[in-house]
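Please keep the structure in view while reading.

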Amino acid sequence: MACLHDHSCEDHDCSSNWSLYKHIDLSKVTALNEANPGSVKSVFKAWEERLDSSGVHLESNEGDPELLVFIPFTSDVKIKSISIVGGADGTSPSKMRVFINREGIDFSDAQSMQAIQEWDLVENMQGVLEYQTRYSKFQSVANITLHFPENFGGDTTKIHYIGFKGEATQLKRDVVATIVYELMPNPSDHKTRAESGGGLSHIE
């Protein structure tokens with residue numbers, strides 16, 4: 001299901017306040033079959049800049065429209081919707097399949113695995129469409145993989161913008177790991193009062 005923006009975005013969830021852009025671990029974003037290595041990073045930008053197509057964009061290799069994009073987040077997120085702004089002249093992706101919390105997926109995996117959700121896309125040149133997720137399935141998302149198997153007939157697939165709306169958890173994953181460690185202290189890391197001359201044996 002897509003959301004048509006026939007309303008004031010400032011009064012709805014489509015405002016930039018819901019954008020997960022700042023929670024994307026951009027340095028670890030990758031794509032398979034991109035014509036220009038590293039160009040995938042350019043499609044993640046602030047909501048207000050989604051229609052800026054003047055810079056670098058993601059494009060598949062000539063004659064092969066399939067793309068696979070891996071996006072990790074700096075903290076677990078809940079994803080409410082996904083927005084895709086593709087290219088003109090049949091180069092926009094026409095289908096999107098999504099996998100959650102699965103690292104190292106290649107094209108063979110993507111074609112054989114059951115996606116958590118998939119959409120038939122429409123050409124979205126003005127950035128006014130958002131594809132709603134089955135929200136209950138998009139909780140605690142550490143990373144997401146987007147599979148674009150085909151386009152609208154172009155020799156390549158072009159993507160200018162990928163955006164996610166939703167919420168992020170307050171704790172980043174490295175902080176959570178530290179808390180888990182401290183909940184199970186190693187006795188050798190802590191001196192007891194008995195060892196330091198005190199009358200009680202108690203781990204501090």
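## Strand pairing

Strand 5 (residues 95-100) pairs with strand 8 in the antiparallel sense, over four bridges. Helices (H or I, at least four residues) and strands (E, at least two) are DSSP runs, numbered from the N terminus. Two strands pair if DSSP finds at least two bridges between them. In strand 8, Thr145 stands opposite Phe99.

Strand 8 also runs antiparallel to strand 4 (residues 67-86), with seven bridges joining them. Here Val77 faces Val141 of strand 8. Eight of the eight residues of strand 8 are buried, so the strand is largely enclosed by the rest of the structure. Buried means under 20% relative accessible area, exposed over 50%, and partly exposed in between (1.4 Å probe, protein chains only).

## Basis of the model

This is a predicted model: local features need pLDDT of at least 70, side-chain atom pairs count only at pLDDT 80 or more, and totals for chains, interfaces and linings use all residues. Residues are numbered from 1 along each chain as its sequence is written, and side-chain values use heavy atoms, with hydrogens and water left out.

## His147

His147 belongs to strand 8 (residues 141-148). His147 counts as buried because its relative accessibility is 2%. Its side chain makes a polar contact of 2.6 Å with the side chain of Glu66. A polar contact is a pair of N or O atoms within 3.5 Å; within protein, one must be able to donate a hydrogen and the other to accept it, and residues adjacent in sequence count only if both atoms are side-chain atoms.

Leaving out residues up to four places away in sequence, His147 touches Glu66, Leu67, Leu68, Lys95, Met96, Arg97, Phe99, Phe107, Ala110 and Gln111. Contact means heavy atoms within 4.5 Å.

## Aromatic pairs

The structure holds two aromatic pairs. In one of them, the ring centres of Phe73 and Phe164 lie 5.7 Å apart with planes at 75°, so the pair is edge-to-face. It links distant parts of the chain: Phe73 is in strand 4, Phe164 in strand 9 (residues 158-168), 91 residues apart. Rings of Phe, Tyr and Trp (its six-membered ring) pair if their centres lie within 6.5 Å; planes under 30 degrees apart count as stacked, over 60 as edge-to-face and the rest as tilted.

Phe73 is buried, at 1% relative accessibility. Phe164 is buried too, at 2%.

## Charges over Trp47

Arg50 lies over the face of Trp47, 3.8 Å from the ring centre. The charged end of Lys165 also sits over the Trp47 ring, 3.5 Å from its centre. A charge sits over a ring if NZ of Lys or CZ of Arg is within 6 Å of the ring centre and within 35 degrees of the ring normal.
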